Amino acid sequence: MSEQPRRARTSGKPYRRPKKDPVRILAFEALRAVDERDAYANLVLPPLLRKAREKEGPETFDTRDAALATELVYGTLRRQGTYDAVLTACVDRPLREVDPPVLDVLSLGAHQLLGTRIPTHAAVSATVELARVVLGDGRAKFVNAVLRKVAQHDLDGWLDKVAPPYDEDPEDHLAVVHSHPRWVVSALWDSLGGGRDGVEELLRADNERPEVTLVARPGRATTEELLHEDAAVPGRWSPYAVRLAEGGEPGAIAAVRDGRAGVQDEGSQLVAIALAGAPLDGPDRRWLDGCAGPGGKAALLGALAAERGALLVASEKQTHRAGLVARALDGNPGPYQVIAADGTRPAWRPGSFDRVLVDVPCTGLGALRRRPEARWRRRPEDLEGFAPLQRGLLRTALESVRVGGVVGYATCSPHLAETRAVVADVLKQHPDTDLIDARPLLPGVTDLGDGPDVQLWPHVHGTDAMYLALIRRTG
(Lines give C-alpha, C1' and ligand atoms only; values in the text may rest on other atoms or scores of the structure.)
Protein backbone atom coordinates (compact mmCIF):
# COMPACT_ATOMS: atom_id res chain seq x y z
CA MET A 1 0.00 0.00 0.00
CA SER A 2 1.50 3.32 -1.01
CA GLU A 3 2.23 5.91 1.65
CA GLN A 4 -0.31 8.72 1.77
CA PRO A 5 1.11 12.27 1.55
CA ARG A 6 1.55 13.99 4.90
CA ARG A 7 -0.94 16.75 5.61
CA ALA A 8 -0.48 20.00 7.42
CA ARG A 9 -2.20 19.78 10.80
CA THR A 10 -3.85 23.18 10.56
CA SER A 11 -5.11 23.39 7.00
CA GLY A 12 -5.46 19.81 5.88
CA LYS A 13 -3.52 20.63 2.71
CA PRO A 14 -0.96 18.10 1.43
CA TYR A 15 2.55 18.75 2.65
CA ARG A 16 4.79 20.26 -0.02
CA ARG A 17 8.54 20.17 0.26
CA PRO A 18 10.07 23.65 0.04
CA LYS A 19 11.87 24.45 -3.16
CA LYS A 20 15.58 25.01 -2.71
CA ASP A 21 16.73 28.19 -4.42
CA PRO A 22 20.55 28.07 -4.65
CA VAL A 23 20.85 31.82 -5.20
CA ARG A 24 18.95 32.84 -2.06
CA ILE A 25 20.40 30.04 0.04
CA LEU A 26 23.86 31.27 -0.92
CA ALA A 27 22.95 34.86 -0.02
CA PHE A 28 21.58 33.70 3.35
CA GLU A 29 24.76 31.71 4.07
CA ALA A 30 26.89 34.75 3.28
CA LEU A 31 24.87 36.98 5.62
CA ARG A 32 25.09 34.41 8.38
CA ALA A 33 28.89 34.27 8.01
CA VAL A 34 29.08 38.07 8.20
CA ASP A 35 26.90 38.08 11.31
CA GLU A 36 28.19 35.03 13.16
CA ARG A 37 31.91 35.13 12.35
CA ASP A 38 32.43 38.84 11.71
CA ALA A 39 33.47 37.80 8.22
CA TYR A 40 33.74 40.25 5.34
CA ALA A 41 31.37 39.74 2.44
CA ASN A 42 34.10 40.34 -0.14
CA LEU A 43 36.03 37.40 1.33
CA VAL A 44 33.09 35.09 2.01
CA LEU A 45 31.21 35.50 -1.26
CA PRO A 46 33.76 34.28 -3.87
CA PRO A 47 34.23 30.78 -2.39
CA LEU A 48 30.46 30.42 -1.92
CA LEU A 49 29.94 31.33 -5.59
CA ARG A 50 32.58 28.81 -6.69
CA LYS A 51 30.99 26.13 -4.53
CA ALA A 52 27.55 26.85 -6.00
CA ARG A 53 28.86 26.67 -9.58
CA GLU A 54 30.56 23.36 -8.85
CA LYS A 55 27.52 21.89 -7.11
CA GLU A 56 24.77 23.12 -9.42
CA GLY A 57 26.76 23.20 -12.66
CA PRO A 58 27.35 26.27 -14.88
CA GLU A 59 24.12 25.70 -16.79
CA THR A 60 22.02 25.74 -13.61
CA PHE A 61 23.99 28.40 -11.72
CA ASP A 62 25.12 30.88 -14.37
CA THR A 63 26.56 34.42 -14.36
CA ARG A 64 23.10 35.93 -13.87
CA ASP A 65 22.59 33.84 -10.75
CA ALA A 66 25.98 34.91 -9.44
CA ALA A 67 25.14 38.56 -10.12
CA LEU A 68 21.80 38.24 -8.30
CA ALA A 69 23.40 36.54 -5.30
CA THR A 70 26.04 39.28 -5.13
CA GLU A 71 23.40 42.01 -5.33
CA LEU A 72 21.30 40.37 -2.60
CA VAL A 73 24.27 40.15 -0.22
CA TYR A 74 25.80 43.57 -0.79
CA GLY A 75 22.48 45.35 -1.19
CA THR A 76 21.15 43.91 2.04
CA LEU A 77 24.29 44.86 3.95
CA ARG A 78 24.45 48.39 2.53
CA ARG A 79 20.81 49.10 3.31
CA GLN A 80 20.68 47.28 6.63
CA GLY A 81 20.00 50.44 8.63
CA THR A 82 17.11 51.48 6.43
CA TYR A 83 15.62 47.99 6.37
CA ASP A 84 15.93 47.69 10.15
CA ALA A 85 13.87 50.87 10.50
CA VAL A 86 11.21 49.46 8.14
CA LEU A 87 11.14 46.05 9.82
CA THR A 88 10.84 47.70 13.23
CA ALA A 89 7.56 49.20 12.01
CA CYS A 90 6.35 45.79 10.81
CA VAL A 91 7.35 43.52 13.69
CA ASP A 92 5.46 43.42 16.97
CA ARG A 93 8.60 43.13 19.11
CA PRO A 94 12.01 44.82 19.29
CA LEU A 95 14.29 43.59 16.50
CA ARG A 96 16.89 42.52 19.05
CA GLU A 97 14.40 39.87 20.18
CA VAL A 98 14.10 38.40 16.67
CA ASP A 99 16.43 35.45 16.09
CA PRO A 100 19.36 36.62 13.91
CA PRO A 101 18.77 33.99 11.18
CA VAL A 102 15.14 35.11 10.93
CA LEU A 103 16.22 38.73 10.76
CA ASP A 104 18.65 37.90 7.94
CA VAL A 105 15.84 36.29 5.94
CA LEU A 106 13.57 39.28 6.59
CA SER A 107 16.32 41.69 5.51
CA LEU A 108 16.86 39.70 2.30
CA GLY A 109 13.15 39.91 1.63
CA ALA A 110 13.02 43.62 2.40
CA HIS A 111 15.85 44.28 -0.04
CA GLN A 112 14.09 42.37 -2.80
CA LEU A 113 10.88 44.31 -2.15
CA LEU A 114 12.37 47.78 -1.68
CA GLY A 115 15.75 47.73 -3.39
CA THR A 116 15.36 45.64 -6.55
CA ARG A 117 13.02 45.29 -9.51
CA ILE A 118 11.89 41.82 -8.49
CA PRO A 119 8.05 41.75 -8.62
CA THR A 120 6.38 41.91 -5.24
CA HIS A 121 4.73 38.49 -5.38
CA ALA A 122 7.98 36.86 -6.51
CA ALA A 123 10.01 38.57 -3.79
CA VAL A 124 7.62 37.46 -1.05
CA SER A 125 7.11 33.91 -2.28
CA ALA A 126 10.83 33.30 -2.92
CA THR A 127 11.77 34.60 0.52
CA VAL A 128 9.10 32.53 2.23
CA GLU A 129 10.37 29.44 0.40
CA LEU A 130 13.88 30.29 1.62
CA ALA A 131 12.51 30.59 5.16
CA ARG A 132 10.90 27.14 4.87
CA VAL A 133 14.25 25.66 3.85
CA VAL A 134 16.52 27.36 6.39
CA LEU A 135 14.13 28.16 9.26
CA GLY A 136 11.23 25.74 9.08
CA ASP A 137 7.53 26.09 8.32
CA GLY A 138 6.60 27.77 11.61
CA ARG A 139 8.96 30.71 11.29
CA ALA A 140 8.27 30.90 7.56
CA LYS A 141 4.72 31.95 8.44
CA PHE A 142 6.12 34.78 10.54
CA VAL A 143 8.36 35.85 7.63
CA ASN A 144 5.36 35.78 5.29
CA ALA A 145 3.27 37.98 7.59
CA VAL A 146 6.03 40.55 8.07
CA LEU A 147 6.95 40.79 4.38
CA ARG A 148 3.34 41.33 3.40
CA LYS A 149 3.38 44.39 5.65
CA VAL A 150 6.66 45.55 4.09
CA ALA A 151 5.12 45.17 0.64
CA GLN A 152 2.39 47.71 1.42
CA HIS A 153 4.71 50.62 0.54
CA ASP A 154 7.66 51.26 -1.75
CA LEU A 155 10.98 52.56 -0.40
CA ASP A 156 10.05 56.24 -0.65
CA GLY A 157 6.76 55.56 1.07
CA TRP A 158 8.50 53.81 3.94
CA LEU A 159 11.13 56.54 4.29
CA ASP A 160 8.34 59.09 4.67
CA LYS A 161 7.06 57.01 7.57
CA VAL A 162 10.23 55.89 9.40
CA ALA A 163 12.78 58.69 8.83
CA PRO A 164 12.43 61.75 11.07
CA PRO A 165 11.99 65.03 9.17
CA TYR A 166 15.28 66.62 8.14
CA ASP A 167 14.37 69.94 9.76
CA GLU A 168 13.83 68.26 13.12
CA ASP A 169 16.87 65.93 13.18
CA PRO A 170 19.08 66.20 10.08
CA GLU A 171 21.66 63.61 11.17
CA ASP A 172 19.10 60.96 12.09
CA HIS A 173 17.15 61.68 8.89
CA LEU A 174 20.26 61.09 6.76
CA ALA A 175 21.21 58.05 8.83
CA VAL A 176 17.89 56.32 8.11
CA VAL A 177 17.51 57.45 4.50
CA HIS A 178 21.08 56.55 3.51
CA SER A 179 21.65 53.65 5.88
CA HIS A 180 24.65 54.83 7.90
CA PRO A 181 25.06 54.92 11.68
CA ARG A 182 24.32 58.38 13.00
CA TRP A 183 27.86 58.89 14.35
CA VAL A 184 29.32 58.09 10.92
CA VAL A 185 27.00 60.63 9.28
CA SER A 186 28.16 63.23 11.80
CA ALA A 187 31.85 62.43 11.26
CA LEU A 188 31.61 62.54 7.47
CA TRP A 189 29.71 65.81 7.64
CA ASP A 190 32.47 67.34 9.76
CA SER A 191 35.17 66.05 7.40
CA LEU A 192 33.40 67.61 4.42
CA GLY A 193 33.09 70.94 6.18
CA GLY A 194 29.29 71.15 6.26
CA GLY A 195 26.56 71.42 3.66
CA ARG A 196 23.72 68.98 3.10
CA ASP A 197 24.31 68.39 -0.61
CA GLY A 198 27.89 67.21 -0.19
CA VAL A 199 27.22 64.77 2.61
CA GLU A 200 24.18 63.32 0.83
CA GLU A 201 26.24 62.78 -2.31
CA LEU A 202 28.89 60.99 -0.25
CA LEU A 203 26.35 58.80 1.56
CA ARG A 204 24.76 57.86 -1.76
CA ALA A 205 28.17 57.01 -3.19
CA ASP A 206 28.85 54.73 -0.20
CA ASN A 207 25.77 52.74 -1.18
CA GLU A 208 26.77 52.27 -4.82
CA ARG A 209 28.58 49.23 -6.12
CA PRO A 210 32.23 50.23 -6.73
CA GLU A 211 33.97 49.47 -9.97
CA VAL A 212 36.76 46.93 -10.02
CA THR A 213 40.02 48.79 -10.66
CA LEU A 214 43.24 47.10 -11.75
CA VAL A 215 46.81 48.33 -11.49
CA ALA A 216 49.39 47.51 -14.15
CA ARG A 217 52.60 47.16 -12.13
CA PRO A 218 55.39 49.04 -13.93
CA GLY A 219 58.01 46.84 -15.52
CA ARG A 220 55.68 43.84 -15.34
CA ALA A 221 52.50 44.83 -17.17
CA THR A 222 51.11 47.79 -19.10
CA THR A 223 47.72 49.43 -19.22
CA GLU A 224 47.69 48.72 -22.97
CA GLU A 225 47.84 45.00 -22.22
CA LEU A 226 44.98 45.24 -19.71
CA LEU A 227 42.86 47.39 -22.03
CA HIS A 228 42.75 44.52 -24.52
CA GLU A 229 40.56 42.66 -22.02
CA ASP A 230 36.80 42.69 -22.43
CA ALA A 231 34.96 45.47 -20.55
CA ALA A 232 38.21 47.31 -19.69
CA VAL A 233 38.48 51.11 -19.84
CA PRO A 234 41.26 53.50 -18.71
CA GLY A 235 41.40 54.71 -15.13
CA ARG A 236 40.41 58.25 -14.29
CA TRP A 237 43.55 59.48 -12.54
CA SER A 238 46.35 56.95 -12.19
CA PRO A 239 48.49 56.24 -15.26
CA TYR A 240 48.61 52.59 -14.14
CA ALA A 241 44.86 52.12 -13.61
CA VAL A 242 42.33 50.22 -15.72
CA ARG A 243 38.68 49.89 -14.74
CA LEU A 244 36.53 46.85 -15.42
CA ALA A 245 32.90 47.36 -16.36
CA GLU A 246 30.24 45.52 -14.38
CA GLY A 247 30.68 41.79 -14.70
CA GLY A 248 34.40 41.93 -15.40
CA GLU A 249 36.24 39.13 -13.61
CA PRO A 250 39.81 39.98 -12.51
CA GLY A 251 40.69 36.34 -11.96
CA ALA A 252 40.11 35.63 -15.65
CA ILE A 253 42.90 38.04 -16.66
CA ALA A 254 46.31 36.44 -17.18
CA ALA A 255 48.29 39.43 -15.89
CA VAL A 256 46.31 39.35 -12.62
CA ARG A 257 46.73 35.60 -12.21
CA ASP A 258 50.48 36.00 -12.79
CA GLY A 259 50.80 38.86 -10.29
CA ARG A 260 51.97 41.31 -12.95
CA ALA A 261 48.80 43.30 -12.32
CA GLY A 262 46.50 43.45 -9.33
CA VAL A 263 43.20 44.70 -8.01
CA GLN A 264 43.82 48.08 -6.38
CA ASP A 265 41.60 51.10 -5.85
CA GLU A 266 42.76 54.17 -7.71
CA GLY A 267 43.01 56.15 -4.47
CA SER A 268 45.48 53.62 -3.13
CA GLN A 269 47.50 53.88 -6.34
CA LEU A 270 47.59 57.68 -6.08
CA VAL A 271 49.03 57.53 -2.57
CA ALA A 272 51.97 55.43 -3.77
CA ILE A 273 52.46 57.59 -6.88
CA ALA A 274 52.52 60.82 -4.84
CA LEU A 275 55.09 59.50 -2.35
CA ALA A 276 57.28 58.23 -5.20
CA GLY A 277 57.10 61.61 -6.93
CA ALA A 278 57.79 63.82 -3.91
CA PRO A 279 60.97 65.92 -4.31
CA LEU A 280 63.98 64.79 -2.27
CA ASP A 281 67.21 66.42 -1.13
CA GLY A 282 69.99 63.87 -1.61
CA PRO A 283 70.06 60.17 -2.55
CA ASP A 284 67.04 58.06 -3.43
CA ARG A 285 68.16 54.50 -2.79
CA ARG A 286 66.10 53.02 0.08
CA TRP A 287 62.32 53.07 0.48
CA LEU A 288 60.18 51.69 3.31
CA ASP A 289 56.55 50.59 3.41
CA GLY A 290 56.05 50.46 7.16
CA CYS A 291 52.51 48.95 7.17
CA ALA A 292 52.75 46.83 4.04
CA GLY A 293 49.97 44.26 4.45
CA PRO A 294 48.27 42.94 2.41
CA GLY A 295 50.69 44.19 -0.27
CA GLY A 296 48.89 46.29 -2.88
CA LYS A 297 50.75 49.54 -2.24
CA ALA A 298 53.99 47.66 -1.62
CA ALA A 299 53.78 46.00 -5.04
CA LEU A 300 53.30 49.34 -6.79
CA LEU A 301 55.97 51.06 -4.67
CA GLY A 302 58.37 48.21 -5.36
CA ALA A 303 57.84 48.56 -9.09
CA LEU A 304 58.31 52.34 -8.95
CA ALA A 305 61.43 51.93 -6.81
CA ALA A 306 62.81 49.41 -9.29
CA GLU A 307 62.62 51.98 -12.09
CA ARG A 308 65.16 54.07 -10.12
CA GLY A 309 67.30 51.22 -8.88
CA ALA A 310 66.04 51.69 -5.31
CA LEU A 311 65.45 48.97 -2.72
CA LEU A 312 62.02 48.60 -1.11
CA VAL A 313 61.76 47.21 2.40
CA ALA A 314 58.20 46.09 3.11
CA SER A 315 57.46 45.64 6.81
CA GLU A 316 54.33 44.03 8.20
CA LYS A 317 53.72 43.12 11.85
CA GLN A 318 51.48 40.09 11.30
CA THR A 319 53.30 37.08 9.89
CA HIS A 320 50.45 35.82 7.71
CA ARG A 321 49.97 39.28 6.21
CA ALA A 322 53.72 39.51 5.59
CA GLY A 323 53.26 36.35 3.53
CA LEU A 324 50.62 38.13 1.45
CA VAL A 325 53.05 41.01 0.91
CA ALA A 326 55.75 38.59 -0.24
CA ARG A 327 53.31 37.04 -2.69
CA ALA A 328 52.35 40.46 -4.07
CA LEU A 329 56.01 41.41 -4.54
CA ASP A 330 57.07 38.08 -6.03
CA GLY A 331 58.53 38.83 -9.46
CA ASN A 332 59.20 42.51 -8.73
CA PRO A 333 61.78 43.74 -11.28
CA GLY A 334 64.01 45.37 -8.66
CA PRO A 335 65.45 44.55 -5.24
CA TYR A 336 63.11 44.23 -2.27
CA GLN A 337 62.93 42.74 1.19
CA VAL A 338 59.87 41.62 3.17
CA ILE A 339 60.15 41.48 6.95
CA ALA A 340 57.72 40.72 9.77
CA ALA A 341 58.28 43.58 12.20
CA ASP A 342 56.32 45.96 14.42
CA GLY A 343 56.32 49.40 12.83
CA THR A 344 56.37 51.06 16.26
CA ARG A 345 59.46 49.02 17.26
CA PRO A 346 61.52 49.21 14.09
CA ALA A 347 64.00 46.51 13.07
CA TRP A 348 66.15 49.13 11.33
CA ARG A 349 68.31 52.04 12.44
CA PRO A 350 66.98 55.61 12.58
CA GLY A 351 67.44 57.62 9.40
CA SER A 352 67.79 54.49 7.23
CA PHE A 353 65.40 55.45 4.45
CA ASP A 354 64.89 58.12 1.82
CA ARG A 355 61.14 57.58 1.44
CA VAL A 356 58.74 56.06 3.98
CA LEU A 357 55.05 55.21 3.64
CA VAL A 358 52.81 54.39 6.59
CA ASP A 359 49.27 53.49 5.55
CA VAL A 360 48.06 53.10 9.11
CA PRO A 361 45.33 50.82 10.51
CA CYS A 362 42.08 52.76 10.87
CA THR A 363 38.30 52.50 11.06
CA GLY A 364 38.07 52.00 7.28
CA LEU A 365 35.28 54.57 6.91
CA GLY A 366 36.73 55.49 3.52
CA ALA A 367 36.00 52.07 2.03
CA LEU A 368 32.36 51.55 2.99
CA ARG A 369 31.45 50.91 -0.66
CA ARG A 370 33.62 47.80 -0.62
CA ARG A 371 33.01 46.67 2.94
CA PRO A 372 29.47 47.79 3.76
CA GLU A 373 29.32 45.65 6.89
CA ALA A 374 32.14 47.73 8.44
CA ARG A 375 29.79 50.66 9.05
CA TRP A 376 27.71 48.52 11.43
CA ARG A 377 30.71 47.04 13.28
CA ARG A 378 32.63 50.20 14.00
CA ARG A 379 31.89 52.29 17.09
CA PRO A 380 33.03 55.82 18.02
CA GLU A 381 35.20 54.33 20.77
CA ASP A 382 37.23 52.49 18.10
CA LEU A 383 38.85 55.84 17.29
CA GLU A 384 40.42 55.89 20.76
CA GLY A 385 41.86 52.43 20.17
CA PHE A 386 43.50 53.38 16.87
CA ALA A 387 44.79 56.79 17.98
CA PRO A 388 47.93 55.69 19.89
CA LEU A 389 48.93 53.26 17.13
CA GLN A 390 48.46 55.83 14.36
CA ARG A 391 50.55 58.41 16.20
CA GLY A 392 53.19 55.85 17.11
CA LEU A 393 53.56 54.69 13.52
CA LEU A 394 53.91 58.23 12.22
CA ARG A 395 56.50 59.10 14.89
CA THR A 396 58.52 56.00 13.99
CA ALA A 397 58.26 56.84 10.29
CA LEU A 398 59.69 60.31 10.91
CA GLU A 399 62.54 58.79 12.90
CA SER A 400 63.17 56.20 10.17
CA VAL A 401 63.61 58.71 7.34
CA ARG A 402 66.87 60.60 6.89
CA VAL A 403 67.14 64.39 6.94
CA GLY A 404 65.88 65.57 3.56
CA GLY A 405 63.75 62.47 3.10
CA VAL A 406 59.96 62.25 2.84
CA VAL A 407 57.27 60.44 4.83
CA GLY A 408 53.79 59.73 3.52
CA TYR A 409 51.07 59.33 6.16
CA ALA A 410 48.03 57.66 4.62
CA THR A 411 44.77 56.20 5.88
CA CYS A 412 41.59 54.88 4.32
CA SER A 413 39.40 57.09 6.48
CA PRO A 414 38.27 60.69 6.15
CA HIS A 415 37.58 61.01 9.88
CA LEU A 416 39.41 64.08 11.13
CA ALA A 417 40.52 62.22 14.26
CA GLU A 418 42.43 59.79 12.04
CA THR A 419 43.79 62.28 9.53
CA ARG A 420 44.65 65.91 10.29
CA ALA A 421 44.46 65.50 14.06
CA VAL A 422 47.11 62.75 13.98
CA VAL A 423 49.43 64.72 11.71
CA ALA A 424 49.05 67.94 13.73
CA ASP A 425 49.70 66.21 17.07
CA VAL A 426 52.82 64.39 15.88
CA LEU A 427 54.32 67.35 14.06
CA LYS A 428 54.06 69.43 17.26
CA GLN A 429 56.61 66.99 18.70
CA HIS A 430 58.75 67.15 15.53
CA PRO A 431 59.43 70.79 14.71
CA ASP A 432 62.19 69.63 12.35
CA THR A 433 59.59 68.81 9.65
CA ASP A 434 57.68 70.54 6.87
CA LEU A 435 54.42 69.60 5.22
CA ILE A 436 54.78 69.22 1.46
CA ASP A 437 51.93 70.27 -0.80
CA ALA A 438 50.74 66.91 -2.11
CA ARG A 439 48.36 68.33 -4.72
CA PRO A 440 50.90 68.95 -7.52
CA LEU A 441 52.03 65.33 -7.14
CA LEU A 442 48.60 64.17 -8.33
CA PRO A 443 48.53 65.85 -11.76
CA GLY A 444 45.13 65.97 -13.39
CA VAL A 445 43.23 65.12 -10.20
CA THR A 446 40.64 67.82 -9.56
CA ASP A 447 38.97 69.18 -6.42
CA LEU A 448 41.82 68.49 -4.01
CA GLY A 449 40.96 71.29 -1.62
CA ASP A 450 43.24 73.88 -0.05
CA GLY A 451 46.14 71.51 0.73
CA PRO A 452 48.82 70.86 1.66
CA ASP A 453 47.35 67.45 2.49
CA VAL A 454 44.91 65.60 0.22
CA GLN A 455 41.55 63.96 0.92
CA LEU A 456 40.01 61.89 -1.86
CA TRP A 457 36.25 61.16 -1.93
CA PRO A 458 34.06 58.49 -3.52
CA HIS A 459 31.46 61.02 -4.70
CA VAL A 460 34.05 63.43 -6.12
CA HIS A 461 36.90 61.24 -7.40
CA GLY A 462 35.28 57.81 -7.68
CA THR A 463 37.91 56.39 -5.32
CA ASP A 464 37.96 55.23 -1.73
CA ALA A 465 38.23 58.13 0.70
CA MET A 466 42.03 57.98 1.02
CA TYR A 467 43.88 60.63 2.99
CA LEU A 468 47.52 61.58 2.39
CA ALA A 469 49.92 63.97 4.10
CA LEU A 470 53.51 64.27 2.83
CA ILE A 471 56.12 65.38 5.38
CA ARG A 472 59.78 66.25 4.77
CA ARG A 473 62.27 65.85 7.60
CA THR A 474 64.38 69.00 7.75
CA GLY A 475 66.63 68.32 10.72
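This is a predicted model: local features need pLDDT of at least 70, side-chain atom pairs count only at pLDDT 80 or more; totals for chains, interfaces and linings use all residues.
Visitor: In which loop does Asp 38 lie?
Guide: Most residues other than glycine have a negative phi. Asp 38 has a positive value near 55°, although Asp 38 is not a glycine. Its place is the loop between α1 and α2 (41–56).

Visitor: Where is Ala 231 found?
Guide: Ala 231 is not a glycine either, and its phi is positive at about 65°. Ala 231 is found in the loop between α12 (223–227) and β2 (232–234).

Visitor: Which residues have the most contacts inside the largest nonpolar core?
Guide: A nonpolar core is a set of buried Ala, Val, Leu, Ile, Met, Phe, Trp, Tyr and Cys residues joined through side-chain atoms within 4.5 Å. Buried means under 20% relative accessible area, exposed over 50%, and partly exposed in between, using a 1.4 Å probe and protein chains only. The largest core has 57 residues, and those with the most contacts inside it are Leu 26, Val 73, Leu 114, Val 143 and Val 150.

Visitor: Where does this core lie?
Guide: Its largest share, nine residues, comes from helix α1 (residues 22–37). Domain bounds come from an automatic or database domain assignment. Both domain 1 (22–155) and domain 2 (163–206) give residues to the core, so it lies between domain 1 and domain 2.

Visitor: At what angle do the axes of α5 and α7 cross?
Guide: Axes are lines fitted to C-alpha atoms, for helices over the stretch in contact, and angles run from 0 to 180 degrees between N-to-C directions. The axes of α5 (residues 100–115) and α7 (residues 137–150) come within 10 Å of each other and cross at roughly 30°.

Visitor: Which residues of α7 make the contact with α5?
Guide: Contact means heavy atoms within 4.5 Å. From α5 come Val 102, Val 105, Leu 106, Gly 109, Ala 110, Leu 113 and Leu 114, and from α7 come Arg 139, Phe 142, Val 143, Val 146, Leu 147 and Val 150.

Visitor: Which elements do the buried residues of α10 pack against?
Guide: Helix α10 (residues 182–192) has Trp 183, Val 184, Val 185, Ala 187, Leu 188, Trp 189 and Ser 191 as buried residues. These pack against α9 (170–178), α11 (196–206) and α18 (382–400).

Visitor: What distance separates the C-alpha atoms of Trp 183 and Arg 379?
Guide: Trp 183 is buried, with a relative accessible area of 19%. Not counting residues up to four places away in sequence, Trp 183 touches Leu 365, Arg 378, Arg 379, Pro 380, Leu 383 and His 415. Trp 183 and Arg 379 are 196 residues apart along the chain, yet their C-alpha atoms are separated by 8.2 Å.

Visitor: What is the omega of the peptide bond from Gly 451 to Pro 452?
Guide: Most peptide bonds are trans. Pro 452 is found in the loop between β10 (433–436) and β11 (454–455). The bond from Gly 451 to Pro 452 is cis, with omega near -5°.

Key
Residues are numbered from 1 along each chain as its sequence is written. Side-chain values use heavy atoms; hydrogens and water are left out. Helices (H or I, at least four residues) and strands (E, at least two) are DSSP runs, numbered from the N terminus.
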